[in-house]
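Keep the structure open as you read.

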Amino acid sequence: MPCPTDATSCRIILMNPVVIVHFLAALVAIVAALPLIKGTVKMNRWYGVRIPAAFESEARWYEINRHGGRLLLIWGAVIAVTALVGAILPRGSWIAYDFASLAVITIGLAVVLVRIYRHAGSVRK
């Protein structure tokens, strides 16, 4: 049964549901990054950094994917920190958090993609 609005002894801990999605996204990004960093993902059509330069050779595949994996790991950590911040915010700040975190995640992804492409272009083999 919900608490009355004037009840001082009733405490409900609520968390912005968007924070849960961000924690899950961070976990997926971090878990996906680890095999790329370790170099255990062979050239394939489904998983890894999927840009034309990565398919030039096996050496290029592993180099680009290791670099992309490191960036993906950092991006996942940034999402996790963003989610931690969102988890402690009061309900009145949820909408502002949602928009700010959207910007952090979107800009972060753009930075990751640009850095992968620049790395692939600068390290020709």
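Contact here means heavy atoms within 4.5 Å. This is a predicted model. What covers the buried residues of helix H1 includes helix H2 (58-88) and helix H3 (94-122).

**Helix H1: length and ends**
- H1 runs over residues 17-38, which is 22 residues.
- At 1.5 Å a residue it should span 32 Å; its end C-alpha atoms are 33 Å apart, which agrees.
- Asn 16 caps the N-terminal end, with a side-chain oxygen 3.0 Å from the backbone nitrogen of Val 18.
- Just after H1, Gly 39 has a positive phi of about 75°.

- Val 19, His 22, Ala 26, Ala 29, Ala 33 and Leu 36 are the buried residues of H1.
- Viewed down the helix axis, these buried residues fall within an arc of 105°, so they line one face of H1.
- An α-helix has 3.6 residues a turn, so residues three or four places apart point the same way.
- Turned away from the buried side are the exposed residues Val 21, Leu 24, Leu 27, Val 28 and Lys 38.

**Aromatic pair**
- The structure holds one aromatic pair.
- The ring centres of Phe 55 and Trp 61 are 5.3 Å apart and the planes sit at 50°, so the pair is tilted.
- Phe 55 is partly exposed at 33% relative accessible area, whereas Trp 61 is buried at 0%.

**Salt bridge**
- There is one salt bridge.
- It joins the side chains of Glu 56 and Arg 60, at 3.3 Å from N to O.
- Glu 56 is partly exposed at 45% relative accessible area, while Arg 60 is buried at 1%.

Methods
Residues are numbered from 1 along each chain as its sequence is written. This is a predicted model: local features need pLDDT of at least 70, side-chain atom pairs count only at pLDDT 80 or more; totals for chains, interfaces and linings use all residues. Side-chain values use heavy atoms; hydrogens and water are left out. Rings of Phe, Tyr and Trp (its six-membered ring) pair if their centres lie within 6.5 Å; planes under 30 degrees apart count as stacked, over 60 as edge-to-face and the rest as tilted. Buried means under 20% relative accessible area, exposed over 50%, partly exposed in between (1.4 Å probe, protein chains only). A salt bridge is a side-chain nitrogen of Lys or Arg within 4 Å of a carboxyl oxygen of Asp or Glu. Helices (H or I, at least four residues) and strands (E, at least two) are DSSP runs, numbered from the N terminus. The expected span of a helix is 1.5 Å times one less than its number of residues. The arc is that of the directions from the helix axis to the C-beta atoms. A polar contact is a pair of N or O atoms within 3.5 Å; within protein, one must be able to donate a hydrogen and the other to accept it, and residues adjacent in sequence count only if both atoms are side-chain atoms.
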